[in-house]
Amino acid sequence: MNAVTEAANRSASVGDLIVKLEQVVKEYALGKVTVPAVRGVDLEIRKGEFITVAGPSGSGKTTLLNLIGCVDTATRGTVLVDGKDTGKLSERELTKLRLFTIGFIFQSFNLVSVLTAFQNVEFPLLLQKSIGKADRTKRVLDLLEAVGLKEHADHRPGELSGGQRQRVAVARALVTKPKLVLADEPTANLDSATGKSIIDLMKELNETQGTTFVFSTHDHEVMRRAGRVVQLVDGRVVSAGDESAKTSAGGGAPENDSADDDKRAEDGAD
Ligand SMILES: Nc1ncnc2c1ncn2[C@@H]1O[C@H](COP(=O)(O)OP(=O)(O)OP(=O)(O)O)[C@@H](O)[C@H]1O
Ligand SMILES: [Mg+2]
């Protein structure tokens with residue numbers, strides 16, 4: 001590879017990126033104390049990547065996903081999502097970005113307790129007002145089936161186990177076919193077989209539809225299957241795992257089975 005091609009490969013053009021963070025800081029005010037949760041993060045995520053954010057408890061993983069997902073705003077710095085500077089968007093524009101571009105699987109699920117599993121998954125489609133009832137019903141039932149919950153469509157969250165609730169949250173995040181899925185520990189409450197089937201489903205969407213996935217996780221199996229692992233410590237990126245990202249041109253990132261990466265994944269877990 002000549003020097004020019006190498007340089008071009010190294011610096012992804014803005015059009016290749018779904019997320020770009022520049023010097024992002026997030027501080028929480030706790031009474032008179034300021035808690036720095038994210039301390040100056042630069043990060044680029046290309047369209048079609050399948051990446052994990054790893055790091056000890058309290059290192060800022062959830063905060064970072066909340067900033068990318070526009071459910072929280074940065075104290076300083078720039079958060080670009082799908083080419084839009086989220087700090088400059090109105091509430092209405094942010095709502096549109098969250099509804100049409102992003103799917104979010106929250107660590108605490110955030111399901112609506114009075115709605116059934118079916119209705120929780122259907123909810124974003126009702127807000128979008130983009131497809132009719134018959135198509136909507138089919139899409140919701142197909143996804144509930146894909147996460148192994150078709151039989152539980154009429155159960156409310158209170159009538160489901162933690163793992164089942166997590167899978168409803170996964171289905172709800174995927175139902176709008178978003179470009180970018182942010183998943184905060186999506187397998188934390190699942191047994192290993194169910195966790196694997198959920199990751200298989202996401203990997204398939206990544207490969208067939210080019211959906212970008214960003215996970216936070218402590219799960220070694222999820223890290224092993226990621227295109228790269230971004231390591232956070234005390235609100236800072238200590239490794240962006242860029243080497244594997246550079247080799248993944250467009251589409252889904254390759255599965256990463258090398259011993260080195262397993263080692264790196266293990267080093268990042270707490
Ligand atoms: N709403 C908040 N108010 C005050 N401090 C907060 C708030 N949310 C998070 N923090 C603090 O910010 C830091 C990062 O928290 P965060 O939840 O992002 O970590 P995490 O890496 O997701 O941890 P875990 O693995 O336990 O989920 C922690 O020190 C936490 O106590
Ligand atoms: Mg967290």
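1. Helices are DSSP runs of H or I with at least four residues, strands are runs of E with at least two, and both are numbered from the N terminus. Because 7 of the 8 residues of α2 are buried, the helix is largely enclosed by the rest of the structure. Cysteine 70 follows α2 and has a positive phi, near 60°.

2. Please keep in mind that this is a predicted model, in which local features need pLDDT of at least 70, side-chain atom pairs count only at pLDDT 80 or more, and totals for chains, interfaces and linings use all residues. Residues are numbered from 1 along each chain as its sequence is written, while chains are lettered from A and ligands numbered from 1 in the order in which they are written.

3. On to the ligand: 13 residues surround ligand 1, the closest being Tyr28, Ala37, Ser57, Thr62 and Thr63; a residue counts as near if its C-beta atom, placed from the backbone, lies within 6 Å. Two or more residues of this shell come from each of β1 (17–30), β2 (33–46) and α2 (61–68), and α2 gives the largest share, 3 residues.

4. As for confidence, the mean pLDDT (the predictor's confidence in each residue, from 0 to 100) of the protein chain is 87, and 85% of its residues reach 70 or more.

Key
Buried ≥ 20, exposed ≤ 12 C-beta atoms within 10 Å, placed from the backbone.
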